[in-house]
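Dear colleague,

I am passing this structure on to you, and I would be glad if you could look at it before reading my notes. What follows after it is an account of what was found, arranged by region.

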Amino acid sequence: TLNLGTNTQSAGAVTLNSGTITGSTGNSLSSSSGFTVLGGTISANLGGSVALTKSSAATINVTSASVNTYTGNTSINGGTFNISGSTASSSAVSVAKGALLTGNGNLQGSVLIDGTVEPGSVTTPVTLATGALTLDTNGIYLWNINDASGTKGTATGWDWVNANGAI
């Protein structure tokens, strides 16, 4: 576990194999070379003019209360990327075939799905917000319905991807 507390830190390449990167709202961990995440939990703000790459079969949970400010692309090449935090508007997100994007976060940049997008979880429908959204040839949108007469994006209704851009 790396606990930033109320501090802002800078590093070269950052790799999270498992475990946690945590910190208080408003602080950040900046990288000059990029973020490689295999699994674990990130509840601190990530920053820098770099990309984030998820490349293992494990799950990464991104739960930062503040908007991540790294400006490079987010590449989900394997496993599960579960987000309840936010990415910067300049960070385009791509989900490769076989990978899963899930959660109720806000992906402010454009999103390309060649894998699977599933807002929320099997038992709790939610809203996942994105910028422009593209479902590529292999792209799958998997949603859960608790009550078809309920309200979109809520536990009493069904999952919803709220694309704030072209679809």
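Notes on the model

In strand S13, the residue that stands as bridge partner of Phe-81 is Leu-101. Before going further, please keep in mind that this is a predicted model, in which local features need pLDDT of at least 70 and side-chain atom pairs count only at pLDDT 80 or more, while totals for chains, interfaces and linings use all residues. Residues are numbered from 1 along each chain as its sequence is written, and side-chain values use heavy atoms, with hydrogens and water left out.

The sheets

Strands here are DSSP runs (E, at least two residues), numbered from the N terminus, and two of them pair if DSSP finds at least two bridges between them. Eight strands form an open sheet with parallel pairing, in the order S1-S3-S5-S8-S10-S13-S16-S19. Its edge strands, each pairing on one side only, are S1 (2-3) and S19 (140-141).

Within this sheet, strand S5 (residues 40-43) pairs with S8 in the parallel sense over three bridges, and Gly-40 stands opposite Ile-60 in S8. On to the next pairing: S8 (residues 59-62) and S10 (residues 80-83) are parallel and share four bridges, with Phe-81 in S10 as the bridge partner of Ile-60. Four bridges also join S10 to S13 (residues 100-103), and these two strands run parallel.

There is a further open sheet, of four strands, with the order S11-S14-S17-S20 and parallel pairing. Its edge strands are S11 (86-87) and S20, each of which pairs on one side only. S11 is joined to S14 (residues 106-107) by two bridges, the two running parallel, and the bridge partner of Thr-87 in S14 is Leu-107.

The nonpolar core

A nonpolar core is taken as a set of buried Ala, Val, Leu, Ile, Met, Phe, Trp, Tyr and Cys residues joined through side-chain atoms within 4.5 Å, where buried means under 20% relative accessible area, exposed over 50% and partly exposed in between, with a 1.4 Å probe and protein chains only. The largest such core has 30 residues, and those with the most contacts inside it are Phe-35, Phe-81 and Leu-101. At least two residues of this core come from each of several strands, including S2 (9-16), S4 (28-37), S8 and S10. The strand that gives the most is S4, with three residues.

Rings of Phe, Tyr and Trp (its six-membered ring) pair if their centres lie within 6.5 Å, and planes under 30 degrees apart count as stacked, over 60 as edge-to-face and the rest as tilted. By this rule the count comes to two aromatic pairs. Phe-35 and Tyr-70 form a tilted one, at 6.2 Å centre to centre and with 55 degrees between the planes. This pair links distant parts of the chain, since Phe-35 lies in S4 and Tyr-70 in the loop between S8 and S9 (74-76), 35 residues apart. Both Phe-35 and Tyr-70 are buried. The rings of Tyr-141 and Trp-143 have centres 5.1 Å apart and planes at 45 degrees, so this pair is tilted. Tyr-141 counts as partly exposed at 30% relative accessibility, and Trp-143 counts as partly exposed at 44%.

Asn-68 is placed in the loop between S8 and S9 and counts as buried, at 1% relative accessibility. Its side chain reaches the backbone nitrogen of Leu-46 at 2.6 Å. Not counting residues up to four places away in sequence, Asn-68 touches Ala-44, Asn-45, Leu-46, Val-62, Ser-86, Thr-87 and Ala-88.

Ser-33, by contrast, is exposed, with a relative accessible area of 53%, and its place is in strand S4. Ser-33 and Val-14 are 19 residues apart in sequence and 7.6 Å apart in space, C-alpha to C-alpha.

With kind regards

Terms used. Polar contact = N/O pair within 3.5 Å; in protein donor to acceptor, adjacent residues only side chain to side chain. Contact = heavy atoms within 4.5 Å.
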